[in-house]
Amino acid sequence: MTASTDPHKPSFLQRLTTIQAREARLAWYLILPTALIVFGVVVFPAIFSVWISFRDVGLHNLNDVFNAPSVGFENYSKVFDDFAFKFQGMQSWGAAVTSIVYSFAATTLTVFIGLIAALLLNRPFRARGVTRAVFLFPYVAPIVSIAFVWKWILDPRPSGVLNDVLMSLGVIELPIAPLATRGLALVIVIIFESWRYFPFAMLMILARLQAIDRTMYEAAEVDGANTWQKFRNVTLPELRYVLGAIFLLRLMWTFNKFDDIFLLTGGGFGTKVLPVLTYEFSFKLFDFGRGAATAMILLLILVVFMAVYIGVVMRNVEEE
């Protein structure tokens, strides 16, 4: 006796398709709020900035910005011709050169200090967990409070911590102003940047160090390798891709950094970088078109950095 089939009952394939369609719709419903936020906060402002960089936008037409007249590449020409942007000799590097020097120096020092800290904290010793927590303080502390502590330490008045200590030791006779001295101010903001963000590099490197197979070190010891040889032939090869990724990330973030330098020096005394210049064009001169053009130049430089990284580092990964 054969079971009767209902011709109106959907088949298994039809039911499965219906379930998949419902799941797909549910996924879109769940993603939609996040997608709208990302579009409104990231995608639309980015596209709008590109559009503004080719327009004459200021306080005179800010209420009708979508009808702002087109000026072609005039905003970009103004940025390149501005004395604050272009290189004018060793006495005035300009925002572009200062940004590159500041970003590469701070990033290199950040990764170097992070590597040393990770190697030290990877060894077993008492209170290692507390030490790791203390090392994280610069990274997790609010930037405003840290910047004002540094400004208090480097205060140019005799009551400043650095001046008081140096004058008490007889190193200097008169107080100095480190943040108001061209050249020294840039060195200080580079040191500040590397000190503040080395915990990020330390955490990433430490995680990779703990994942290295210990048998590799044991084999190196059997071959008679000393501590330096094990570091050069075992540790560094295992860390090279992590170090490359950290360097790229920190380079991009440092290149876009505005608050650190602005809070310490306000962009003065040879520390004016492209983000600070973008701020000044937009919110001091109220030339939003020129500010957007500066931001686009900054973006193009970052794209070059990423292209070099992808072309060199990622190609080596694929070859291996």
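1. A pocket, as the word is used here, is an open set of points on a 1 Å grid over the protein atoms alone, with protein on both sides within 12 Å along at least five of seven lines, and its lining residues have an atom within 4 Å of a point. A volume is the space filled by probe spheres set on the points, which are joined across faces, edges and corners.

2. The model is predicted, so that local features need pLDDT of at least 70 and side-chain atom pairs count only at pLDDT 80 or more, while totals for chains, interfaces and linings use all residues. Residues are numbered from 1 along each chain as its sequence is written, and side-chain values use heavy atoms, with hydrogens and water left out.

3. The largest pocket has a volume of about 480 Å³, and among its 16 lining residues the closest to its centre are Asn 122, Arg 123, Arg 214, Tyr 217 and Thr 235. Two or more lining residues come from each of α9 (214-222) and α10, where helices are DSSP runs (H or I, at least four residues) numbered from the N terminus. Helix α10 gives the largest share, 5 residues. By class, the lining holds 7 nonpolar, 4 polar and 5 charged residues; Ala, Val, Leu, Ile, Met, Phe, Trp, Tyr, Cys and Pro count as nonpolar, Asp, Glu, Lys and Arg as charged, and the others, Gly among them, as polar.

4. Helix α10 (residues 227-255) also packs with helix α8 (residues 184-209), at an angle of about 145 degrees and with the axes 10 Å apart. Here the axes are lines fitted to C-alpha atoms over the stretch in contact, and angles run from 0 to 180 degrees between N-to-C directions. Residues of α8 including Tyr 197, Phe 200 and Met 204 are part of a contact (heavy atoms within 4.5 Å) to which α10 contributes, among others, Thr 235, Leu 239 and Trp 253. This contact of α8 with α10 has 12 nonpolar, 2 polar and 4 charged residues.

5. Ser 194 is also found in helix α8, and counts as buried because its relative accessibility is 1%, the cut-offs being under 20% for buried, over 50% for exposed and in between for partly exposed (1.4 Å probe, protein chains only). Leaving aside residues up to four places away in sequence, Ser 194 touches Ala 106, Leu 109, Thr 110 and Ile 113.

6. Most residues other than glycine have a negative phi. Ala 127, however, has a positive phi of about 60 degrees and is found in the loop between α3 (94-121) and α4 (128-135). Phe 269 likewise has a positive phi of about 60 degrees, and lies in the loop between α11 (259-264) and α12 (274-283).

How values were computed:
On a 1 Å grid over the protein atoms alone, a cavity is a set of points where a 1.4 Å probe fits but cannot get out, and a pocket is an open set with protein on both sides within 12 Å along at least five of seven lines; lining residues have an atom within 4 Å of a point.
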